[in-house]
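Here are some exercises to work through with the model open beside you. Try each task yourself before you read its solution.

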Amino acid sequence: MSLRIVVCVKYVPDATGDRRFADDTTTDRESVDGLLSELDEYGVEQALRIAEASGDAEVTVLTVGPDDAKDALRKALSMGADKAVHVNDDDIHGTDALGTSAILAKALEKTGYDLVVCGMASTDGTMGVLPALLAERLGVPQVTLLSEVSVENGTVRGRRDGDAATEELEAALPAVVSVTDQSGEARYPSFKGIMAAKKKPVQSYDLDDLGIEADEVGLAGAWTAVDAITARPPRQAGTIVKDEGEGGKQLAEFLAAQKFV
Amino acid sequence: MLDHRLDSEYEDLRRTVAEFANDVVAPKIGDYYEHDEFPYEIVREMGRMGLFGLPFPEEYGGMGGDYFALCLALEELARVDSSVAITLEAGVSLGAMPVYRFGTEEQKREWLPRLCSGEMLGAFGLTEPEGGSDAGATRTTARLDEATGEWVINGTKCFITNSGTDITGLVTVTALTEPATRSSEVGGRASTRPAISSIIVPVGTPGFTVSKKYSKVGWNASDTRELSFTDCRVPAANLLGEPGRGYAQFLRILDEGRIAIAALATGLAQGCVDQSLSYASERHAFGRAIGANQAIQFKIADMEMRAHTSRLAWRDAASRLLHGEPFKKEAAIAKLHSSDAAVVNAREATQIHGGYGFMNEFPVARFWRDCKILEIGEGTSEVQRMLIARELGMTP
Ligand SMILES: Cc1cc2nc3c(=O)[nH]c(=O)nc-3n(C[C@H](O)[C@H](O)[C@H](O)COP(=O)(O)OP(=O)(O)OC[C@H]3O[C@@H](n4cnc5c(N)ncnc54)[C@H](O)[C@@H]3O)c2cc1C
Ligand SMILES: Cc1cc2nc3c(=O)[nH]c(=O)nc-3n(C[C@H](O)[C@H](O)[C@H](O)COP(=O)(O)OP(=O)(O)OC[C@H]3O[C@@H](n4cnc5c(N)ncnc54)[C@H](O)[C@@H]3O)c2cc1C
């Protein structure tokens with residue numbers, strides 16, 4: 001039977017845009033353009049490489065996100081994924097990481113999977129906890145933060161580069177892995193891929209389809225609550241050190257005062 | 001009604017190429033340019049993205065797109081750099097297109113898959129030292145040696161793009177195949193035209209010599225060479241299209257190519273706006289950003305207008321081409337207008353950058369050096385005006 005790979009991808013606000021919070025302290029996803037999280041492109045790339053190496057694999061991309069999240073799915077499909085699953089429901093608004101993992105887990109069970117591939121972190125939330133939460137909910141092994149990954153005979157192997165050591169890891173499938181930005185540059189979609197993506201199936205689910213009650217997720221079901229938001233103060237003008245003989249000393253004092261040295 | 005929006009697949013392509021240009025081309029191209037080096041690494045990536053196969057069917061290794069898709073990609077590349085854009089333009093529209101349009105099934109199967117993948121580049125040799133605008137005055141000859149079944153080519157071609165890279169596989173050359181002139185139908189009016197044919201010359205054929213690179217004012221990361229042919233023999237089967245139809249063939253290729261050059265010029269014109277906008281907000285003089293001065297704002301507004309109208313012009317010509325309608329006049333208008341826009345915008349962008357604009361490390365310096373050729377290559381501005389006037393029914 002062919003290897004079923006599911007890549008979890010997140011649709012995030014463009015980091016180069018002017019990101020804001022909405023009145024209910026959730027991220028304002030209306031006023032900025034969104035895109036497929038760049039870190040999740042590495043997940044798609046690794047999934048495609050594993051599929052190409054296996055010769056008999058199917059790559060599904062899965063997202064929990066608003067209507068526009070279909071753009072992220074289409075990008076992944078144009079890179080070469082075979083099909084997509086989009087979980088979308090108004091009641092998902094405000095869901096935290098725990099809730100998101102619950103939704104993703106239900107969707108994965110419904111879709112079926114041998115290998116779940118995640119990015120190392122989203123580029124907006126950046127908690128990096130989802131892969132672990134997912135594995136826990138699914139009751140399967142997790143092998144996270146891999147800079148190299150391959151699948152052979154029902155086993156996923158990978159390398160994790162740490163500060164102190166490099167670990168070689170493996171786990172029996174089914175399993176959840178996450179890959180880092182060191183795992184290999186993601187491909188650019190070709191025009192053929194872009195055209196083909198238009199014809200690939202996108203399955204949509206709402207909470208009902210997944211058997212999830214509205215109050216388990218959303219702001220109501222969130223374990224974390226955001227009490228207040230303060231915008232980061234605008235950047236202050238830099239300090240200019242004029243070298244009139246004392247330049248070096250002044251520079252050292254400045255760096256010391258800022259606790260840089 | 002005309003629709004100003006791009007279909008989603010075109011928009012996705014445009015965005016993908018823009019991303020590629022900013023992330024991959026922009027950080028590296030300055031170095032290649034400064035050292036007159038051909039950017040093999042970038043070209044390989046462009047090949048992997050399928051850019052060289054954009055307008056060709058999948059059965060020949062293409063992307064199943066069209067000429068419009070190619071032009072969109074050219075505009076986005078040229079917005080960042082013209083050397084890589086012309087490498088793509090010449091590779092596709094001059095290198096591979098003649099094989100696709102006029103080649104036999106066998107020729108297409110032999111050459112197109114490698115040309116489409118970008119692992120091989122093709123070139124088109126039309127211009128000669130004695131003249132480019134008057135392409136009918138070709139002096140290169142090709143004599144058919146009946147005994148061996150080979151063309152014997154003699155002559156010189158100059159300024160040929162993509163002709164001397166490590167990955168160049170073929171040059172299509174135009175040559176006189178009959179010593180005498182004969183009468184043929186050109187541009188709807190009967191005239192006396194020489195019998196010119198197009199012949200595929202594979203790189204490495206004995207008698208085919210590629211000279212060293214020219215020292216150019218611009219397009220420094222693009223490959224341009226002089227080629228000479230001395231009793232260069234290729235099989236008779238390398239004839240592209242019908243014998244004696246070479247003139248009509250390359251007129252068709254050049255008509256299309258003008259739209260591609262117009263898209264490229266639009267990209268350069270738009271790149272000037274991009275660079276000027278950000279510089280004008282960063283650079284301060286007299287206590288405020290220079291962009292706060294209306295003199296600078298008006299300059300940039302005019303630049304944007306030129307880029308915008310250039311885009312409308314090439315898209316209009318490309319859309320006529322795609323619909324199988326006459327597009328000769330519109331292509332000439334697009335080329336004439338957009339190359340003028342590119343030159344004026346590059347001049348203005350340099351002005352906005354002040355002294356830094358005269359420094360090679362700034363992208364606008366590359367734009368300045370790259371813009372002028374757009375009024376010369378693939379038909380000078382004078383030739384475009386001749387074409388437009390002729391389409392209006394005016395005779396010399
Ligand atoms: C205090 C707080 C409040 C929040 N409030 C809101 C809110 O109001 N509205 C809101 O939309 N978000 C909100 N979020 C963010 C949201 O909860 C998280 O984005 C989400 O739960 C995943 O966490 P993360 O982005 O940190 O993912 P990470 O754990 O950093 O992601 C790791 C990987 O998990 C996968 N992944 C993550 N998210 C998804 C997804 N949605 N679909 C598919 N795969 C995914 C990807 O592969 C990703 O690379 C909030 C977060 C916090 C911390
Ligand atoms: C970087 C570069 C790359 C090139 N790549 C290629 C390539 O890949 N393949 C290829 O075949 N060629 C290529 N060319 C050649 C280019 O197409 C020619 O330079 C161009 O067509 C002009 O021809 P010419 O240089 O012989 O100028 P000429 O034809 O000698 O023209 C000189 C001037 O006289 C003007 N003129 C000529 N006739 C008239 C007239 N009747 N009325 C008014 N004015 C007139 C012209 O407009 C021009 O201003 C390239 C050139 C350059 C510089």
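A residue counts as near a molecule or strand if its C-beta atom, placed from the backbone, lies within 6 Å of it. This is a predicted model, in which local features need pLDDT of at least 70 and side-chain atom pairs count only at pLDDT 80 or more, while totals for chains, interfaces and linings use all residues. Residues are numbered from 1 along each chain as its sequence is written, and chains are lettered from A and ligands numbered from 1 in the order in which they are written.

**Exercise 1. The shell around ligand 2**

Find which residues are closest to ligand 2 and which elements of chain B supply its shell.

Solution. Start with the count: ligand 2 is surrounded by 23 residues, and the closest are B:Leu126, B:Gly132, B:Ser133, B:Thr380 and B:Glu382. Next, look for elements that give two or more residues: these are H4, strand E1 (121–125), strand E3 (150–161) and helix H10 (381–391) of chain B. Helices (H or I, at least four residues) and strands (E, at least two) are DSSP runs, numbered from the N terminus. Finally, sort by class, with Ala, Val, Leu, Ile, Met, Phe, Trp, Tyr, Cys and Pro as nonpolar, Asp, Glu, Lys and Arg as charged, and the others, Gly among them, as polar. The shell around ligand 2 then has eleven nonpolar, nine polar and three charged residues.

**Exercise 2. Two helix pairs in chain B**

Describe how H4(B) packs on H6(B), and how H1(B) packs on H3(B).

Solution. Two packed helices are described by the angle between their axes and the distance between the axes. Axes are lines fitted to C-alpha atoms, for helices over the stretch in contact, and angles run from 0 to 180 degrees between N-to-C directions.

Step one: helix H4 (residues 82–102) and helix H6 (residues 246–282) of chain B pack at about 160 degrees, with axes 10 Å apart. That makes H4(B) roughly antiparallel to H6(B). Angles under 35 degrees count as roughly parallel, over 145 as roughly antiparallel, 65 to 115 as roughly perpendicular and the rest as oblique.

Step two: the crossing of H4(B) and H6(B) is right-handed. A crossing is right-handed if the near helix is turned clockwise from the far one by less than a right angle, and left-handed if anticlockwise. The residues of this contact comprise eleven nonpolar, five polar and four charged.

Step three: H1(B) and helix H3 (residues 67–78) of chain B pack at about 30 degrees, with their axes 8 Å apart. H1(B) and H3(B) are therefore roughly parallel, and their crossing is right-handed. Residues are in contact if their C-beta atoms, placed from the backbone, lie within 7 Å. Here H1(B) contributes residues including B:Tyr10, B:Leu13 and B:Val17, and H3(B) contributes residues including B:Phe68 and B:Leu72. This contact has eleven nonpolar, no polar and two charged residues.

**Exercise 3. The sheets of chain A**

Solution. Strands pair if DSSP finds at least two bridges between them. E8(A) and strand E9 (residues 155–161) of chain A share five bridges, and A:Glu148 stands opposite A:Arg159 in E9(A).

Strand E5 (residues 83–87) of chain A pairs with E12(A) over four bridges, and A:Val87 has A:Tyr205 in E12(A) as its bridge partner.

Key. Two residues are in contact if their C-beta atoms, placed from the backbone, lie within 7 Å.
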